[in-house]
Amino acid sequence: MTPFLAEFIGTALLILLGNGVVANVVLTGTKGNGGGWMVITTAWALAVFVGVVVSAPYSGAHLNPAVTFALAISGKFEWAQVPIYMLAQLLGAMLGSLLVWVKYKDHFLVTDDKGLKLAVFSTGPAIRNTISNLTSEIIGSFVLLFVIFYFTTAEIVDTKTPVGLGSLGAIPVMFLVWAIGLSLGGTTGYAINPVRDLGPRIMHSLLPVAGKGSSDWSYSWIPVMGPMVGASLAAVLYLALN
């Protein structure tokens, strides 16, 4: 396992389970059809947990170009590694969304709503307003990165001896993503991760999804730029405060 493979596999698992729950909730005839926002946000949080568990020992579990970029700005990650990580994340997101399509192919066939089919792949605004949609993504991503900067490892205080939590170390980011989804996600679907939206949107445009409509490329820049701006602001504020 290399850092590139860890980011690739971890992001693929993240998108497989994250977009998978959207498919389960919105596509016609699934066992989870109509499950609602709580189901979606909970499964997305758990998807983050799974991706982090697999990739953290080898790459640090960025799984998100906004995380990689913010860590580089803060001096916690090498700039030379940024393109490598981002490429792995994008390819992983594309693979994850491909697997969702394969898994739910029969249900895409019996779903008439083109918008719901696109929703399985990418985010979209509840109310289309460029400024407020971009602001929503910036705020959600800012919260994600600012809190991540303050995550600490467990240790025995007197001796500063680290306490190995193993896979349980992924729990804080799981709860963080869950909180963002429940509190801030209703406006745009909380991409808070450029490749979470861009990779699957590319696959929606390429795959022979039955009865698909537009991939809505006019909106696609918002879930890419919003997280990058929010993450950058979080990194700058963290540097200013520490």
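A: S97 sits in helix α4, residues 82–103 (helices are DSSP runs of H or I with at least four residues, strands are E runs of at least two, and both are numbered from the N terminus). Bear in mind that this is a predicted model, where local features need pLDDT of at least 70, side-chain atom pairs count only at pLDDT 80 or more, and totals for chains, interfaces and linings use all residues. Residue numbers start from 1 along each chain as its sequence is written, and side-chain values use heavy atoms, leaving out hydrogens and water.

With 1% relative accessibility, S97 counts as buried (under 20% relative accessible area is buried, over 50% exposed, in between partly exposed, using a 1.4 Å probe and protein chains only). What does S97 touch, leaving aside its neighbours within four places in sequence? Its contacts are I15, N19, F121, G199, P200 and M203, where contact means heavy atoms within 4.5 Å. R196 is 99 residues away from S97 in sequence, yet their C-alpha atoms are 9.2 Å apart in space.

Now the rings. Searching the whole structure turns up 9 aromatic pairs (rings of Phe, Tyr and Trp, the last by its six-membered ring, pair if their centres lie within 6.5 Å; planes under 30 degrees apart are stacked, over 60 edge-to-face, the rest tilted). F149 and Y238 are a stacked pair, because their ring centres are 4.6 Å apart and their planes meet at 10 degrees. F149 belongs to helix α7 (residues 130–149) and Y238 to helix α10 (residues 222–241), so this pair ties together parts 89 residues apart in sequence. Both residues are buried: F149 has 7% relative accessibility, and Y238 has a relative accessible area of 12%.

F175 and W178 make another stacked pair, at 6.2 Å centre to centre with 25 degrees between the planes. These two are 3 residues apart in helix α8 (residues 171–184), which means about one helical turn separates them. F175 is partly exposed at 45% relative accessible area, and W178 is partly exposed too, at 26%.

Back to F149 and Y238: together with F142, F146 and Y150, they form one aromatic cluster. One more ring to look at is Y104, with K103 over its face at 4.9 Å from the ring centre (a charge sits over a ring if NZ of Lys or CZ of Arg is within 6 Å of the ring centre and within 35 degrees of the ring normal).
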